[in-house]
Amino acid sequence: MTSPVLRADFSKKFSGGPVIRADVLEISGAGVTVLFGPSGSGKTTILRCLAGLETPDEGTISFAGKTWFQKSGKRKAESGNDFILPPKNRGVGFVPQDYALFPHLTVAGNIAYGLHGRSAMETKSRVAEMLRWLDLAGLNSRLPHELSGGQQQRVALARAVAREPKLLLLDEPLAALDTPTRQRLRGELRKLLRQLAIPTVVVTHDRLEALSLGDDLVVLDEGRIVQRGPVQAVFSRPANLTVAGIVAVETIQPGRVLELKDGLATLLVGRAQLTAVAGDLPAGATDVFVCIRAEDVILTKEDAAHASPRNRLAAVVRAIANEGPLTRIELDCGFPLTAVLTRQACAEMALQENDTLLALVKAPQIHLVPRGG
Ligand code: ADP
Ligand code: MG
């Protein structure tokens with residue numbers, strides 16, 4: 001079975017704001033596409049346009065070959081073909097940033113809300129299924145204000161998923177939670193989305209959330225799509241300075257946890273072994289993204305065995321590029337690693353391509369993002 005394709009190419013402008021342009025946004029497959037960008041870049045607007053809650057000024061949206069929206073811009077002659085499919089007919093599950101649970105309805109009532117039109121028996125069994133799936137069974141008769149933030153988030157997800165949407169849209173799903181809960185739920189949410197295997201678009205301005213939830217990434221800046229591609233590729237190779245500034249981590253590589261002990265994680269990354277501070281890595285985590293900022297990589301030609309960093313990686317210089325006062329150095333140390341030096345430091349070391357040296361990275365400067373499921 002081929003999965004449905006979402007195609008969108010539209011623009012929307014609010015007075016005083018930038019033109020927000022979903023410029024040939026194409027989403028296929030059952031994976032998670034993350035719309036990522038700073039606050040005000042147009043993420044929510046694009047999501048609401050896809051859901052039909054906002055009307056673009058012009059453009060088209062189609063899903064699985066069916067037109068959802070079509071509006072020509074200024075050419076009045078063509079406006080006879082304009083078409084807007086109402087939100088309820090789009091088969092979309094939409095979870096707004098604040099969850100918008102009905103305060104007077106219980107957990108079960110909230111989940112059942114979208115199921116009108118189904119028999120009482122079918123509704124009951126679908127609600128029970130959702131409660132089980134999201135581990136909410138004991139809470140079914142509570143009201144939203146009697147739930148923790150994380151539980152509210154799951155109820156909102158359950159309500160959206162209950163009616164078996166063909167497309168799931170989540171706006172900043174974890175933003176309303178406190179930091180520890182958010183960290184815990186990142187991996188959990190990814191696992192849930194994996195299980196669902198529905199095409200999903202997640203909006204976030206949080207780098208770690210984008211990394212842990214997304215398969216594909218679409219980076220927005222001031223209403224424009226500035227880069228798109230597989231999440232790791234975009235984070236590791238930002239297309240330009242704007243994207244680099246937004247993502248702000250040079251090395252992102254998949255790694256496997258070999259051991260978790262005494263607060264430290266031993267990881268296999270490419271052919272290299274690294275030690276990192278486990279931080280909030282959940283017990284049992286195996287797959288992670290290993291994130292290292294270029295300025296945290298120390299390069300040395302002598303083996304200063306007394307130096308403190310735990311990770312001492314034999315590296316070969318693959319490329320040297322001058323970027324203003326800084327020099328960016330691409331290394332191979334069993335995995336691709338990027339370092340940055342001042343131009344002067346680089347000259348003092350007389351660094352050249354194919355030189356071998358040691359790259360030192362302290363354990364606390366290796367950031368781990370769990371990739372559950
Ligand atoms: P993001 O979700 O990336 O933070 P939004 O899509 O919410 O961005 O907003 C993008 C731009 O559109 C901002 O300049 C915002 O002020 C403007 N905007 C969004 N919604 C409205 C609205 N209902 N009325 C007027 N301006 C809006
Ligand atoms: Mg928003």
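Helix α1 (residues 43-51) gives the most to the shell around ligand 1, with 3 residues; helices here are DSSP runs of H or I with at least four residues, strands are runs of E with at least two, and both are numbered from the N terminus. This is a predicted model, in which local features need pLDDT of at least 70 and side-chain atom pairs pLDDT 80 or more, while totals for chains, interfaces and linings use all residues. Residues are numbered from 1 along each chain as written, chains are lettered from A and ligands numbered from 1 in written order, and side-chain values use heavy atoms, leaving out hydrogens and water.

Around ligand 1 sit F14, P18, I20, P38, S39, G40, S41, G42, K43, T44 and T45, where a residue qualifies if one of its heavy atoms lies within 4 Å. Sorted by class, that shell holds 4 nonpolar, 6 polar and 1 charged residues; Ala, Val, Leu, Ile, Met, Phe, Trp, Tyr, Cys and Pro count as nonpolar, Asp, Glu, Lys and Arg as charged, and the others, Gly among them, as polar. Oxygen atoms of the ligand come up against the protein at several spots: 3.1 Å from a polar backbone atom of S41, 3.0 Å from one of G42, and 2.8 Å from an N or O atom in the side chain of K43. On its own, ligand 1 has 560 Å² of accessible area, and the protein covers 60% of that (Shrake-Rupley method, 1.4 Å probe; for residues, only the protein chains shown count as cover).

As for aromatic rings, the whole structure has 3 pairs, meaning Phe, Tyr or Trp rings (six-membered ring for Trp) with centres within 6.5 Å; planes under 30 degrees apart are stacked, over 60 edge-to-face, and the rest tilted. F36 and F235 have ring centres 5.7 Å apart and planes at 50 degrees, so they make a tilted pair. This one links distant parts of the chain, with F36 in strand β3 (residues 32-36) and F235 in helix α7 (residues 231-236), 199 residues apart. Both F36 and F235 are buried (under 20% relative accessible area; exposed is over 50%, partly exposed in between, with a 1.4 Å probe and protein chains only).

F102 and Y113 are tilted as well, at 4.4 Å centre to centre and 50 degrees between planes. F102 is partly exposed at 24% relative accessible area, and Y113 is also partly exposed, at 42%.

Overall, the protein chain has 9 helices and 21 strands, and buried residues make up 48% of its 373 residues.

Technical notes. Polar contact = N/O pair within 3.5 Å; in protein donor to acceptor, adjacent residues only side chain to side chain.
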